[in-house]
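I opened a notebook page for this chain and went through it one element at a time. Here is what I looked up, in the order I looked.

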Amino acid sequence: MLRHSSLRLLWGLLSAVLLASAVPAPHAAARPEPRAPDEFVSLRGVAPTVLHDIRYFTRHDFVGERVDGYRQPLCILTEDAAKALREAQRAFLRAGYTLKVYDCYRPQRAVDHFVEWANDLDDQRMKREFYPGVDKASLFEDGYIAEKSGHSRGSTVDLTLVRLPAERTRPYVPGEPLVPCYAPQEERFPDNSLDMGTGYDCFDTLSHTLDERIRGKQRVNRMRLKHGLEKAGFVNYPNEWWHYTYQPETFPEAYFDFPVSRGSLAAHH
């Protein structure tokens with residue numbers, strides 16, 4: 001028969017074991033989110049009149065959902081690119097137009113999200129609008145999706161022109177019927193931009209800036225955007241009428257992964 005002291009000792013040991021098992025193991029310290037270098041700014045702070053329609057913050061994009069890394073509907077750019085865009089905007093405003101940005105700095109995690117989506121051949125929910133004439137299995141081969149993007153360097157922007165006064169664009173309703181991105185403008189999803197011949201992020205050769213099938217006012221509109229941005233130091237990517245990079249790039253070799261949010265920027269920005 002155990003003595004009382006022995007019982008107390010055993011009970012104490014058992015209690016200690018139970019208490020230890022009840023206390024959760026300390027979690028590894030959460031890795032802090034990367035921050036933007038001081039050279040990055042919010043476009044709103046530099047060129048507040050530029051309109052924003054940050055598509056990857058919404059579900060109205062070729063993925064069909066908000067893209068990883070887009071915490072707020074912001075346009076973040078290197079300061080040099082933002083100031084150049086301000087100069088272009090001033091010239092467009094005098095002519096009765098305003099710029100509208102669809103995407104600016106894009107974190108690497110967003111690019112990774114695109115790659116993951118492209119590898120999931122069963123996910124075809126946004127095909128009818130964004131890539132109606134393209135086999136999803138060929139998106140990498142055709143150059144529509146890549147594992148790296150110049151957007152992640154901070155000097156590239158996707159944008160269009162809107163005639164003033166700008167009309168409001170209704171929000172996209174997930175699940176609504178989709179219309180091919182190269183359909184006539186009055187049939188496509190309503191966008192208050194000038195008619196450029198296709199919608200934004202249209203995976204089709206009709207999106208090539210100088211495609212010979214784009215004529216009349218559509219070609220005039222593309223050239224208006226192109227010439228105005230070139231005067232401010234931007235260079236067009238020939239396969240996408242909306243895609244421009246300010247030259248020289250502030251970070252020509254870097255690919256950043258800080259999230260698109262005000263918290264990523266230095267306090268004075």
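**Entry 1: a proline to begin with**

Is Pro238 buried or exposed? I find Pro238 exposed, with a relative accessible area of 52%; I call a residue buried under 20% relative accessible area, exposed over 50% and partly exposed in between, using a 1.4 Å probe and protein chains only. Before going on, I note that this is a predicted model, in which local features need pLDDT of at least 70, side-chain atom pairs count only at pLDDT 80 or more, and totals for chains, interfaces and linings use all residues. Residues are numbered from 1 along each chain as its sequence is written, and side-chain values use heavy atoms, with hydrogens and water left out.

I place Pro238 in the loop between β6 (234-236) and β7 (243-246); helices (H or I, at least four residues) and strands (E, at least two) are DSSP runs, numbered from the N terminus. Leaving out residues up to four places away in sequence, Pro238 touches His208 and Thr209, where contact means heavy atoms within 4.5 Å. His208 is 30 residues from Pro238 along the chain, yet their C-alpha atoms are separated by 5.7 Å.

**Entry 2: the sheet**

Next I traced the strands. I get an open sheet of 5 strands with mixed pairing, in the order β2-β4-β5-β7-β6; two strands pair if DSSP finds at least two bridges between them. The edges are β2 (51-52) and β6, each with a single partner strand, so one side of each has no neighbour in the sheet.

I then went through the pairings:
- β2 and β4 pair in the parallel sense over 2 bridges, and Leu51 stands opposite Lys100 in β4.
- β4 and β5 run antiparallel and are joined by 6 bridges; the bridge partner of Val101 in β5 is Leu159.
- β5 (residues 156-163) and β7 pair in the antiparallel sense over 3 bridges, with Asp158 opposite His243 in β7.

Two helices meet this sheet. Helix α6 (residues 216-231) packs on it, touching β4, β5, β6 and β7, and its direction makes about 125° with that of β5. Helix α3 (residues 79-94) lies across β4 (97-103), β5, β6 and β7, running at about 145° to β4. For these angles, axes are lines fitted to C-alpha atoms, for helices over the stretch in contact, and the angles run from 0 to 180 degrees between N-to-C directions.

How many residues of β4 are buried? I count 7 of the 7, so β4 is largely enclosed by the rest of the structure.

I turned to salt bridges, each being a side-chain nitrogen of Lys or Arg within 4 Å of a carboxyl oxygen of Asp or Glu. The count comes to 19 salt bridges.

Asp191 and Arg55 meet in one of them, at 3.2 Å from N to O. Asp191 is in the loop between β5 and α6 and Arg55 in the loop between β2 and β3, so this pair ties together parts 136 residues apart in sequence. Both Asp191 and Arg55 are buried.

Asp191 also forms a salt bridge with Lys100, with the closest N and O atoms 2.7 Å apart. Lys100 sits in strand β4, so this pair ties together parts 91 residues apart in sequence. Both Asp191 and Lys100 are buried.

Asp53 belongs on this page too: among its contacts, not counting residues up to four places away in sequence, are Lys100 and Asp191. I find Asp53 in the loop between β2 and β3 (76-78), and it counts as buried at 17% relative accessibility.

Asp103 and Arg106 form another salt bridge, with their closest N and O atoms 2.8 Å apart; both residues are buried. Salt bridges that share partners also join Glu33, Arg71, Arg109 and Asp257 into one network.

**Entry 3: helix α4**

Last, I looked at helix α4 (residues 108-119), which has 12 residues and reaches 17 Å from its first C-alpha to its last. That is close to the 16 Å expected, taken as 1.5 Å times one less than the number of residues. Of those 12 residues, 9 are buried, so α4 is largely enclosed by the rest of the structure. The buried residues include Arg109, His113 and Trp117.

Which backbone oxygen does the side chain of Gln108 reach? I find that of Glu147, at 3.1 Å. Gln108 is in α4 and is buried, with a relative accessible area of 11%. Among its contacts, not counting residues up to four places away in sequence, are Lys148, Ser152 and Tyr255.

Note on methods: Polar contact = N/O pair within 3.5 Å; in protein donor to acceptor, adjacent residues only side chain to side chain.
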